[in-house]
Amino acid sequence: MTLPRMITRLVLTAHVVTSVGWLGAVMAYLALDIVASASDNIANVRAAYFGMGLTIRVVIAPLAIASVLIGIVNALTSSWGIFRHYWVVVKLLLSIFATVILLLELQTVAYLAELASMNAEPRSLPGSLLHSIGGLVILIMVAVLSVYKPKGLTPYGWRKQLRLNSGAAQGADGAAEGSSAASQ
Amino acid sequence: MSPTSDQSSPPPMPGWVRVSAIVAAILALVVVIALIWFPGKHGPGRHIHGSSHQPQSTQSATAEDGGQGI
């Protein structure tokens, strides 16, 4: 799929903005999660759970979904494709996995926030620290893959590139024959 | 890894993909074992059904909170 350069740049910018925003929002969420899990101050714990509920629902989940969807559009409209390079496939799988776990955790965090607002002892609530750290690790891995782009063509990508190369070679041969015929 | 170098067969899976797949499989196994050993302590519904954290009055909590920091 080929789109005008201006559109592909716009899609790429949207993908970078949503992905970096997702990573940053998870870092902010982790700070709140640490307060919710480790603080002795009941008011702080209650506020942290409220912030977690708000952040995951209003910022993290929409950014995660947007990042995955725009990432797929970006891959389809660029020369990288979705299934041609291992790094793109691994990145997509990690992003989808993180989004699914996030959406499953959404209900729990919303409930914890509600419980913390009504409970006399919110410090005994379990928090979601393991998920926050796990999510952050996955998003950092995704960022590393995006920057380093480690080499490796999938079998599909290899066949695709083979077809492109043979097509280009035939085109060059045809052009050479045409020019030699014209000169005779 | 260019197809022009050897056109008879696709290139082998890169080492980093193989190592990542092994690490992911080990992690998945650890999670499955943890879920089997500690049933009911994970998942979205773990705080909803049979939770001991029932909503209570916040009066006593605010009274006992001495304004301590983190």
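Helix axes here are lines fitted to C-alpha atoms over the stretch in contact, and the angle between two of them runs from 0 to 180 degrees between N-to-C directions. The model is predicted. With that convention, α1(A) and α2(A) pack at about 160°, their axes 8 Å apart. An angle over 145 degrees counts as roughly antiparallel, and α1(A) is therefore roughly antiparallel to α2(A). The crossing of α1(A) past α2(A) is left-handed. By class, the residues of this contact are 23 nonpolar, ten polar and one charged.

A residue from this part of the chain can be looked at in detail. A:Ala48 belongs to helix α2 of chain A. Is A:Ala48 buried or exposed? A:Ala48 counts as buried, because 26 C-beta neighbours lie inside 10 Å, and the cut-off for that class is 20 or more. Apart from neighbours within four places in sequence, A:Ala48 is in contact with A:Leu32, A:Val35, A:Ala36 and A:Ser39. A:Arg163, in contrast, is 115 residues away from A:Ala48 in sequence and 55 Å away in space, C-alpha to C-alpha.

Another residue of helix α2 of chain A is A:Leu69. A:Leu69 counts as partly exposed because it has 14 C-beta neighbours inside 10 Å. Between the C-alpha atoms of A:Leu69 and A:Val26 the separation is 18 Å, and the two residues are 43 residues apart along the chain.

The next pair is formed by helix α2 (residues 42–76) and helix α3 (residues 86–118) of chain A, which pack at an angle of about 155° with axes 9 Å apart. That angle makes α2(A) and α3(A) roughly antiparallel to each other, too. Where α2(A) passes α3(A), the crossing is left-handed. The contact of α2(A) with α3(A) consists of 23 nonpolar, six polar and two charged residues.

Helix α1 (residues 5–38) of chain A also packs with helix α4 (residues 129–148) of chain A: their axes come within 9 Å and cross at roughly 160°. It follows that α1(A) and α4(A) are roughly antiparallel to each other. Their crossing is left-handed. On the α1(A) side, the residues that meet α4(A) are A:Trp22, A:Leu23, A:Val26, A:Met27, A:Tyr29, A:Leu30, A:Asp33 and A:Ser37. On the α4(A) side, the partners are A:Leu129, A:Ser132, A:Ile133, A:Gly135, A:Leu136, A:Leu139 and A:Ala143. The residues of this contact divide into eleven nonpolar, three polar and one charged.

One of the α4(A) residues in that contact is A:Leu129. Which residues does A:Leu129 touch, not counting those up to four places away in sequence? They are A:Asp33 and A:Ser37, both listed above on the α1(A) side. A:Leu129 is partly exposed, because 14 other C-beta atoms lie within 10 Å.

Beyond α4(A) comes a loop. A:Lys149 lies in the loop between α4 and α5 (155–183) of chain A. Phi of A:Lys149 is near 45°, a positive value in a residue other than glycine. Most residues other than glycine have a negative phi. A:Lys149 counts as partly exposed because it has 13 C-beta neighbours inside 10 Å.

The helix pairs and the loop can now be set against the division of the chain. Chain A is divided into domain 1 (5–152) and domain 2 (154–184). How far apart are the centres of domain 1 and domain 2 of chain A? Taken over C-alpha atoms, these centres are separated by 45 Å. Contact between the domains involves six residues of domain 1 and four residues of domain 2 of chain A. The side of domain 1 that touches domain 2 divides into three nonpolar residues, two polar and one charged.

Chain B remains. Chain B has two helices and zero strands. Of its 70 residues, 0% count as buried.

Key: Residues are numbered from 1 along each chain as its sequence is written. Chains are lettered from A and ligands numbered from 1 in the order in which they are written. This is a predicted model: local features need pLDDT of at least 70, side-chain atom pairs count only at pLDDT 80 or more; totals for chains, interfaces and linings use all residues. Helices (H or I, at least four residues) and strands (E, at least two) are DSSP runs, numbered from the N terminus. Angles under 35 degrees count as roughly parallel, over 145 as roughly antiparallel, 65 to 115 as roughly perpendicular and the rest as oblique. A crossing is left-handed if the near helix is turned anticlockwise from the far one by less than a right angle, and right-handed if clockwise. Two residues are in contact if their C-beta atoms, placed from the backbone, lie within 7 Å. Ala, Val, Leu, Ile, Met, Phe, Trp, Tyr, Cys and Pro count as nonpolar, Asp, Glu, Lys and Arg as charged, and the others, Gly among them, as polar. A residue is buried if 20 or more other C-beta atoms lie within 10 Å of its own, exposed if 12 or fewer, and partly exposed in between; C-beta atoms are placed from the backbone. Domain bounds come from an automatic or database domain assignment.
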